[in-house]
Amino acid sequence: MQQLTSNVFIETQQKGANHGIVATSDGLVLIDTPHKPSDAVRLKAEIERRGKLRYIINTEPHGDHWTGNGFFDVPVVAHAGVRARILGTDMGEHVKRVSSFGPQEAPLLENYRANAPVITFESEMKLHVGNHTFRMIHMPGHTPYQAAVVVEEEGVTFTSDNIFCQVQTWIQEGQPEEWLKSLEALRGLREDTFVPGHGPVCGKSYLQEQGGFLEEWVGYVRGAVGRGMTKQECVANLTALTDRYPMDVEQDGMAPRVMQLNVANLYDYVTGAGIHARS
Ligand SMILES: [Zn+2]
């Protein structure tokens, strides 16, 4: 893992989301967990060398942030919506999908249990471990249940997938208006070292690029809606942003699919349909 500050170690090079370890005076805290079971098993060995794991914090409900929870026997903290999403997951299907990541994964998933969050928050909470303070702040956007995790004594914030640094942005269920507000909330923090959900470490200087790309996405789909294109036509034909950024680690070949998911969601956003339907 890459050492980011005196007590923060991060992994940004594996399939799935970035994750990190914070070494406190009273044990370790893991923020998000690997997507691949084989990576989780290796991380477990590394954690055992470093000390005793106390808690896991999940930053969002997507499986690439929590699948590895199940390989650790500690309480998990997250937004209440993350807990609900994990409990509502068809684990048979989930295990089948994760097994497809490689030949060594399936045997590690026998008797898999998700280890869903047991400590939850709605808007904000603080967790104190040793001399460290972990401040979790609800920041909806990429999903309704995102959280930023501020490690105050280290000057580091884990932003969740509200930031994809220099890799393709997934907007499959994103709410652009809230997302942009959350980027402003990140700008308002004292801390200026961001561990994004995907891609390399960045800082506040990247917020404008991330927000600008979101706005460009919305404008792109809004333009097509304005020209009278149907959702199906949009999904089939809007491909211009496919290669703007490379895909994250081991997501090669998925760019067209991400493009379609993003367009479908943003079509609903622009027209007030689907998850964006206004009552
Ligand atoms: Zn995500």
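**View 1. Cys 165 and the residues it touches in this predicted model.** Setting aside neighbours within four places in sequence, Cys 165 makes contact with Pro 196, His 198, Gly 199, Pro 200, Cys 202 and Tyr 206. You'll find Cys 165 in the loop that runs between strand S11 (156-164) and helix H6 (176-187). Cys 165 counts as buried because its relative accessible area is 5%, and the cut-off for buried is under 20%. Val 201 is 36 residues away from Cys 165 in sequence, yet their C-alpha atoms sit 7.5 Å apart in space.

**View 2. Asn 69, in a loop and buried.** Here we're looking between helix H2 (63-66) and strand S6 (76-79), where the loop holds Asn 69. With a relative accessible area of 0%, Asn 69 is buried. Who's around it? Leaving out neighbours within four places in sequence, Asn 69 is in contact with Thr 33, Ile 56, Asn 58, Val 76, Ala 114 and Asn 115.

**View 3. Helix H1, end to end.** H1 covers residues 37-50, so at 1.5 Å a residue its 14 residues should span 20 Å. Just past H1 comes Gly 51, with a positive phi of about 155°.

**View 4. The buried residues of H1 and what covers them.** Pro 37, Ser 38, Asp 39, Ala 40, Leu 43, Glu 46 and Ile 47 are the buried residues of this helix.

Key:
Residues are numbered from 1 along each chain as its sequence is written. This is a predicted model: local features need pLDDT of at least 70, side-chain atom pairs count only at pLDDT 80 or more; totals for chains, interfaces and linings use all residues. Side-chain values use heavy atoms; hydrogens and water are left out. Helices (H or I, at least four residues) and strands (E, at least two) are DSSP runs, numbered from the N terminus. The expected span of a helix is 1.5 Å times one less than its number of residues. Buried means under 20% relative accessible area, exposed over 50%, partly exposed in between (1.4 Å probe, protein chains only). Contact means heavy atoms within 4.5 Å.
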